[in-house]
Amino acid sequence: MLTELDRPAQIARVLPANPVVAIVGATGAVGVELLNCLEGRNFPVKALKLLASARSAGKTLPFRGQDVVIEELTEASFAGVDVALFSAGSGISKKFAPIAVRAGAIVVDNSSAFRMEANVPLIVPEANEAALSAHQGVIANPNCVAAIATTALAPLHRAHPIRRLSLVTYQAASGAGAAAMEELRLATEAALKGETYPHKVLPHPYAFNFFSHNADMDPETGYNGEESKVVAETRRILSLPELPVGITCIRVPILRAHGMAISVEFDRVVSPEEARALLGAAPGVKVVDDRARNYFPMPVDASGGEDVLVGRLRPDTADPSGKTLAMFVVGDQLLKGAAQNAVQIAERLLPQ
Ligand code: A2P
């Protein structure tokens, strides 16, 4: 990621107890949640720098009772910054993350720019916190589906190695940014009035509709970019580089929580009761599995919450060996899928 010329003499390894924090992309759907997470989780902040495009410069966002003025992101933005949380897209990260590291900051990057680079750890604290210590100035925050899925899978995998994985996802608008969330609202209002909404952000009509994920499709493989990312990142986070994974990613008309139907094969028979017990004791996971009330994880319950909800635990009857469990998982895309996971990473860089 950093060439030898880029590399500063001393890469910051840990944060001071009261760091100067910058948010790159502060006005975006994830950026606003980064602010909320820093505030809600009582992250120590000596000073806060909010960075976005020239379009937003001069506007303000509230933080701990004060209005913080947004500044235009420039190469000079990182002087004195200890930790920079990036969420303004891959292009901005590729250009500005090395500049931030050179200025002495540790970068936690929410884009896909560096996620597969060997010297950039890809971290979900509940799954692979130990990998964090190898960072060289940049830490990658995973794709939202990979973060939510591995939070649920890691406690099971620690007890019984995973051998195969199959996922079908139901992904919210927020994964495509604030503009896609607004498009869902406006398209739904228009549809209820019997009008047609000219969609601009997503490639298909969004109200009362769902479609194959809008990431670029590889015509050779038949898999889209989102699916490829989830496969590669899930393997990396779980340290299972050869894990067979099947996946279908779907965009659904939900504002901010992703759902996923998961089938997971273990190296032995794992009963739903044992899985429930493992998940019930796992940090960041809440078991929602009430067969009597037909009550299972839902976006309305996951939205705005920190926990990944897991339920519908049952043997997958497509595998007669009994080694495969089926489950349904829902997590807030903007929180565990993005901002909260990034702030959790930053918390682990504070002096313990
Ligand atoms: P801005 O609001 O000024 O355009 P989302 O993922 O919700 O679409 O948000 C993208 C974020 O990235 C926003 O905060 C946006 O700021 C920011 N951004 C986009 N382009 C740039 C740029 N050239 N420089 C700095 N920030 C940018």
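What is the volume of the largest pocket? In this predicted model, the largest pocket comes out at about 570 Å³. The ligand, though, takes up the space of the second largest pocket. Here's a quick run through both sites.

**The ligand and its shell**

- The ligand has 15 residues around it, and the closest are Thr27, Ala29, Ser53, Arg55 and Ser56.
- Sorted by class, that shell has seven nonpolar residues, seven polar ones and one charged residue.

- Ser53 brings a polar side-chain atom to 2.6 Å from an oxygen atom of the ligand.
- Ala29 works through its backbone instead: a polar atom there is 2.8 Å from a ligand oxygen.
- Gly25 also uses its backbone, with an N or O atom that lies 3.1 Å from an oxygen atom of the ligand.
- On its own the ligand would expose 570 Å², and the protein buries 68% of that area.

**The largest pocket**

- At about 570 Å³, this pocket is lined by 29 residues, with Asn110, Arg115, Gly175, Ala176 and Lys229 the closest to its centre.
- Three helices each put at least two residues into the lining: α1 (29–40), α6 (225–237) and α9 (335–347).

Key. Residues numbered from 1 in each chain as written. Predicted model: local features only at pLDDT ≥ 70, side-chain atom pairs only at ≥ 80, totals over all residues. Heavy atoms only, no water. Near = heavy atom within 4 Å. Polar contact = N/O pair within 3.5 Å; in protein donor to acceptor, adjacent residues only side chain to side chain. Areas by Shrake-Rupley, 256 points an atom, 1.4 Å probe, with all protein chains shown as cover. 1 Å grid on protein atoms, 1.4 Å probe; cavity = no way out; pocket = protein on both sides within 12 Å on 5 of 7 lines; lining within 4 Å. Sits in = over half its atoms within 2 Å of the grid points. Nonpolar A, V, L, I, M, F, W, Y, C, P; charged D, E, K, R; others polar. Points joined across faces, edges and corners; volume = space filled by probe spheres on them. Helix = DSSP H or I, 4+ residues; strand = E, 2+ residues; numbered from the N terminus.
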